[in-house]
Structure formats: structure tokens, C-alpha cells
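Colleague: Before I read anything into this pair of chains, I would like to know what the terms rest on. Please take me through them one at a time.

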Protein chains: 2
Amino acid sequence: MLSLPALLQALTSGELSPTEHVDDVLARLERDETNCVIELDAERARSRAAELTALSARGERAGPLHGVAVGIKDLIDVEGLPTRCGSRLLAGAAPAGADAPVVAMLRAAGAVVVGKLHTHEFAYGPVGDVAATGPARNPHDLSRVTGGSSSGSAAAVAAGHLALTVGTDTGASVRTPAALCGVAGLKPRRGALPGAGVFPLAESFDTVGLLAADAASLAVARAALGGPARSGAGGGPLRIGVARGDWWRPHDPVLGDAVDAAAAALAGLGHPVADQGTPGVAELAATYPVIVGAEAWATHREWFTTRRDEYQPATADRLAPHADGPAHTYVDARRARARLSAALPAQLDCDVLLCPTTRLRATPIGATEVAGAPVRPSMLETTSPFNLLDLPVVAVPVPVPGLPAGIQLAGVTVGEADLLELAGALANRL
Amino acid sequence: MLSLPALLQALTSGELSPTEHVDDVLARLERDETNCVIELDAERARSRAAELTALSARGERAGPLHGVAVGIKDLIDVEGLPTRCGSRLLAGAAPAGADAPVVAMLRAAGAVVVGKLHTHEFAYGPVGDVAATGPARNPHDLSRVTGGSSSGSAAAVAAGHLALTVGTDTGASVRTPAALCGVAGLKPRRGALPGAGVFPLAESFDTVGLLAADAASLAVARAALGGPARSGAGGGPLRIGVARGDWWRPHDPVLGDAVDAAAAALAGLGHPVADQGTPGVAELAATYPVIVGAEAWATHREWFTTRRDEYQPATADRLAPHADGPAHTYVDARRARARLSAALPAQLDCDVLLCPTTRLRATPIGATEVAGAPVRPSMLETTSPFNLLDLPVVAVPVPVPGLPAGIQLAGVTVGEADLLELAGALANRL
């Protein structure tokens, strides 16, 4: 994989020019086997790379991401390209008239947008196998899923094509594909990265996030996007709570081993580590599908009514149960979410909560159940609580034999910057 | 009416003791003709007044409202008294176990809670004529309504019983009764006064507010409750926008005269005054009944299903259309509200928006239409936009012949404290 700090070092030293880097990325993406590419913006990318190469030659830099190729989930507007959302409904969409603000920020920082990446249809699924262009394929085993919905954004990093991609996360969609593909993902709090110009899944939870090879790469990228400074905790010990209880128990025991290995490594770094209960988490998590379903249905109702057959069948099956659901169910779920998400953090006696990202590792494409466990909830139920709580989370891989395994570090009292530093130290220790 | 600054002067100078004041208030409330009283807490009030009188005798004060009798809308918890919400459903409610925070804040400031005041049933109406205990009656004409839903809170001030009362305002409920009864009302932004311990009407809009004889009284009360200081605009000129267009045209021409008189007075005070359009206000206001209806239905669904006949017929008729309304209608209304309430303020070229509080003055009890205009919307549609926009508003009377007429000063760029100062200067000028 491409480390962003290493790539920037090469671009800054002149060892690699923006043109060489972008040409290499485009060539890799053209022969990609993971189905991560929706559309390349090759001409514009090469033209911008040439401008940046000329700047480099004069000893200048356009910004902190000078010359770095980036890929954008095809749920996010890139000026001049259609936003297809993985759906046949938008196969003929007009090109976006403007960059989404997060894309504009990346360009302003010197990054080169090379194209649009695979998404689970309308971001409504944590598996990455449902899209107009077919399933995304996991670089670690092309017969397995990437996780979703930022499927292409994770696969492109894991395959070594790109050092940085942009995804979105409503309940899982940055972290689950990061975990299944063995890369790092950042889900900020809502609004920390601007959400305009992004096709909505559910406005209560939608966030924009980043994926990269590791936490150190995410830290560089986030800082380049005006990320918050560290809290001033001064690098001192953070109380690590290891999420325990039925809710957090993975179906795949290797994921339990990964959490234990991370806990041991964090303890080895001098952080106090203790088991942590999360009372009410199951009741809280139960509000997620109700809220998302109602909001997604409101968005899709017109299309669903008139063009249902253009949805992928799995997407249609997810939307249909929410058709004309009563408002009181949604209002009640919102109230329960407000009550429970206010109550739960007060019961946490830690600065950072450590837990598995998913309950299963990458499953075979097409499988709906693995070892008796249902696939979809296994990819969502350990991530969505942090959208409900609106906590920042860094999801990082832990080395294990075989398919990748990922853990989450959720900021209970600390923010993105501290989490990224902690995750970086953890990676070094592991 | 009782001016709060004058009352405090009398209490502070010793001219009037807390006991004398509270005895007088209780005597007035016992012989009240407006039906504003739900329940008196006479024994406790007298006991507290005696404590405060003893403090006064030692030259001490319990707080900035030392000895001031206050009345609480019966939608708000007062420890030891049931919260009946104007409904037969709660006629046998257990006494509240604790004061709502706003009540506790008043007590901490030295105020004496004398009892609970009339509310439109469950606060779901701007007229004040629907309650288990019958309609509240306007002190200016006992055959006419008070406006609602803080009906008793306005009537008690207008009748001269109390210098300060607490109400709530979801779409009209402090300002409309203030206007119809000829008193002053403050609707802060959401959360500026704590909303806990208050029976909800609609969580998207519920606020706690204050009613008093005039803006000067409100300013003293708000400061005693930890109100914000002035913005530092330094008492300089504020751009006054006079809301124009069909939406703001009263059915009663005297209310148009009141707005013009207020505009002229504000100009006379040196504030630049100009007509102000409010594009999109009708579309924005149309979202209000949808959002409130869905949230109110979610609250009342269980009771409505099992105990419908205990609601007043008018309340049942308002709830029934929202039974099992679809979630997408509510979600769509929330989205429209978010979009329009973000867009409208950007089109306002003023610091303060001036408009009528209602489109009709106090109507006869039982009337649903007056001079061809429907009563209920006439009491709501010019107030609810400021709940949708979440702007602070001060509603004050303007002297006119006959029944009272009220205008609103809504803070577009300024907050409560500046509005109260402006309203006080306006009252002096008028």
C-alpha cells in the first residue's frame, strides 16, 4: 500500500513528480481487478499533474497534498463527472456542476482527483456487493466482499492504487470496508468535514470520511483538510475501555484476538486499559435502521414508486419495508436515540473505547450467512452505535493471519487528532 | 398591571413585605374572574413569603426576585403539584416529584411560586378556549378569549394579579396570549431557558418563555434568570425591517395601525426603518403543522387510542388527522424547514423584524371565524415562523382604542437583551 507520508516525501524531494505519480495511479486503476473504478477523469488529472509538476520544478507547492492522487466515492460530486451512486437510476445523470466542498478542499490542498470509485448502491448497505456495476472485490481475495458502502475507496487503497480516498459513513461505510480490506478509516463527527454535494442516505447520520493505508496517512490528510489540532492532552496516558458484553462479541474469534492484541499493545504503550460495559447499546442500535429507513425512504419514494425495477433487487428489498411507515415510529426512534445517546456516554469510564469494527471478516460475495451469522448486521451493528452517539472513530487494521481484521478506537473524551495519534502509536507497537 | 421593577422597588424599600405581597396576590387569584387559576400552592407560598419577610427584616435578600410572586403554566412541573396540562387525562396526575429547572431557577432567585395557571389543553392551540376547566377569559372583555396556549399566564398578568408568569411557546403560545391580553411576552431561542420538566408539545420547537406587564419587567426577570447580556451593539441604531406582503397583513386593520405606529416610533428613536419582504415565509410556515402534528401524535398516540373520549373534542379533532401519518411527510417537512429556515434570514436586510403578533385581536369565546377570517390560523401563522427560524422574539402591546393589539420584534442579528431594550424604549416612546 501507499503510505501518504512516504508518497509526500517522494513528491517533495523530487524523487517522484506529480505527473509520474498520477500516470502510475491511472495505469494501475486501468488494470484494476477489484472493480473499484467507476470512472476516471484521466485527461483532467494529467493536465493538473502537469501544472503541479511545473510548480514543483520551480520549487513551489500548491498545498500540503501537492501532487497526491485521490479517488472520490461516487456518491460525492466531482465537477464535470456524473454522480451515479452505484445505481442504474443515475446511470445517465448529468455531470455535477460543481465540486462538493470536500473535493474542492482537496484540490485546494494540491491533490489531484483521478476519478470516481465504487459505492454500494445509494450507500444503503455495509457489504459493497450491490451496485449497477457489480460487486466490488476484496484485493486480499477477489472472491470476497470489500465491505461497504465506501467499497471502492477501501479497495483502491488496499490494492495499492491510491494513497488517499474519500468515503462517507452513515452507519459503517468508511469503517467496515476499511476493516475488511485492511486499511485505515476516519469517521469524524457530523459536519467536521462538509457534507454538501454528497447524495444523502440519512441526514441524521451522514458523515464524510477518509481512507488511507494507515493512521499516519490519515493524520497527514486530515491536517491538510484543516483538521483540528490535538486536544492538548499532551500525549499523556488515555484511559482505554475495551467494549465488553454480548453486543461487541465477534462471530469470528480472530476479531476477538485482534481486540485483545490491540488492548495489550495500548497497555504496553502506558495507557490504562480496562473492560468497559456499554449499557443500553442494543436498544440504542435498534433505533438506527428505523431512522435511516424513514429518511432513505423519503429520499427515494418518488423514484421507487415510478422506477422500482431500476433499483438493484437488494436495495429495493431494503427500501420497501419503509414504504409509508408511520411518522410516530420514526419520531419515537429519534426520541429513544436522543435519550439513549445522552445517557450512554455518561456511563463510560474511559477516554477511548476499543472494539472490533465488524463481527465477521470479509465474506464470500453473495453469502448472506456465514457460520450461522447473518452477514449484513455483522458488518453494521458494531459501527452504527458511534453514528448514533456522534463520536469520532478511527478504524485500523490489526495484523492477523489470513484475511484482515480491524478494530475501532472511538473518541469518548478525545477528538480526531488524538485518536489518529493513538492509532499511529498502536500500529507502530503492533 | 404590576410592573416588576416597581414591585421590586417596593419590596426592597420595605414599603411592601413579601408576606403582604403574596397575601395580596393570593387574595386576588382567589377572586379571579378570568379562570386563569388551576391550583394555588397557598400554604407553601405563605410559608416561603414568611421566610423571605424574615430575611428582609435582617436586611438580606434571597436573590434578585426576592419576594416576587410568580405563576407557572400548568404544563410545567412544580414539585408537589400535579401537572394537568389542561386535560381530563391528567386530572388525577400524581404530584410532580421535582421542580422543572426553570421553576427551580425562579425559586433560587427569590421568587415565590403561588400556583399553576390555565393552559390550552396540552398546549395544542393558540386560542386558550379548550381546557378541562373551561376557557380562559380575557380581562379586557370576559366574553373573549385570552389567546393560548399560555392563557392563564397572560390573563393573570393582564388582570393585575401577578407581575411575572412562566409560559411556553411552540408556535405562538407566549406571544399570542400576550398580544390578546395586552401584556409583554418573551420567546427566547430554543434552550435559552431550560425545557426539562415541561410536558412536550413538539420537541422541534418547544421553548419556555416569560410574560409580564411590559418589556422592562421582562428584562429584569430575564436577567434574574441568568439572561444574556446585551450584544454590545452599544445602544446604537438597529435596522428595523417592517414585514410586508400578504403573509403579514392582519385581518383587523387596527393591527396594521399598531405596526405602523411602532415603526414610526422606532424611526423617531433614530432607528432606520424600511419595508422588508420575507420570501418563502408561506412555504416555511406550511411545514409547521406537519412537524408539530407528527410529534404531538407520537406523544399522544397511546392515550388517544385508549382514552380518546377524555380529550376535549377540539383537541381530539386536531390530533386525529395525524394518526398514522406517513414518516416521509414528516421527513419532507423537516427537510423543507431546514432548507427554508437557512435561506430566509440570508434575504433579510435588517437587524430586527417588526410585524403584528396576530391577525385578529381577541375574538369571542366559541367563535371559529370572525369577519370571514378563521380564528385559529389568525392566532398562529404570524408567530410560528419565528419558531421555525428559531429567532428570539419580544411581543409587546401597542396602545390602540378598544381591545389590545400586539406587535413582535424578532431578533434577526440581535438577541433577547437587545430586543428587550429596544422594546422598552419603544414603549416609552409610544
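Modeller: The count between chain A and chain B is 2 salt bridges. The model is predicted, so local features need pLDDT of at least 70 and side-chain atom pairs pLDDT 80 or more, while totals for chains, interfaces and linings use all residues. Side-chain values use heavy atoms, without hydrogens and water.

Colleague: What makes B:Arg335 and A:Glu203 a salt bridge?

Modeller: The term requires a side-chain nitrogen of Lys or Arg within 4 Å of a carboxyl oxygen of Asp or Glu. The closest N and O atoms of B:Arg335 and A:Glu203 are 2.7 Å apart, so the pair qualifies under the 4 Å limit.

Colleague: Which elements give two or more residues to the side of chain A that touches chain B?

Modeller: They are α9 (281-307) and α11 (327-346) of chain A, helices being DSSP runs (H or I, at least four residues). The largest share, 7 residues, comes from α11(A).

Colleague: How many residues are in contact?

Modeller: Contact means heavy atoms within 4.5 Å; by that rule, 17 residues of chain A meet 17 residues of chain B.

Colleague: Why are the two copies said to be related as by a two-fold rotation axis?

Modeller: Superposition is by least squares on the C-alpha atoms of residues with pLDDT of at least 70 in both copies. A rotation of 180 degrees with 0.0 Å of shift along its axis places chain A on chain B (RMSD 0.0 Å). The copies are thus related as by a two-fold rotation axis. The same surface serves both, as 100% of the contact residues of chain A recur in chain B.

Methods:
Residues numbered from 1 in each chain as written. Chains lettered and ligands numbered in written order.
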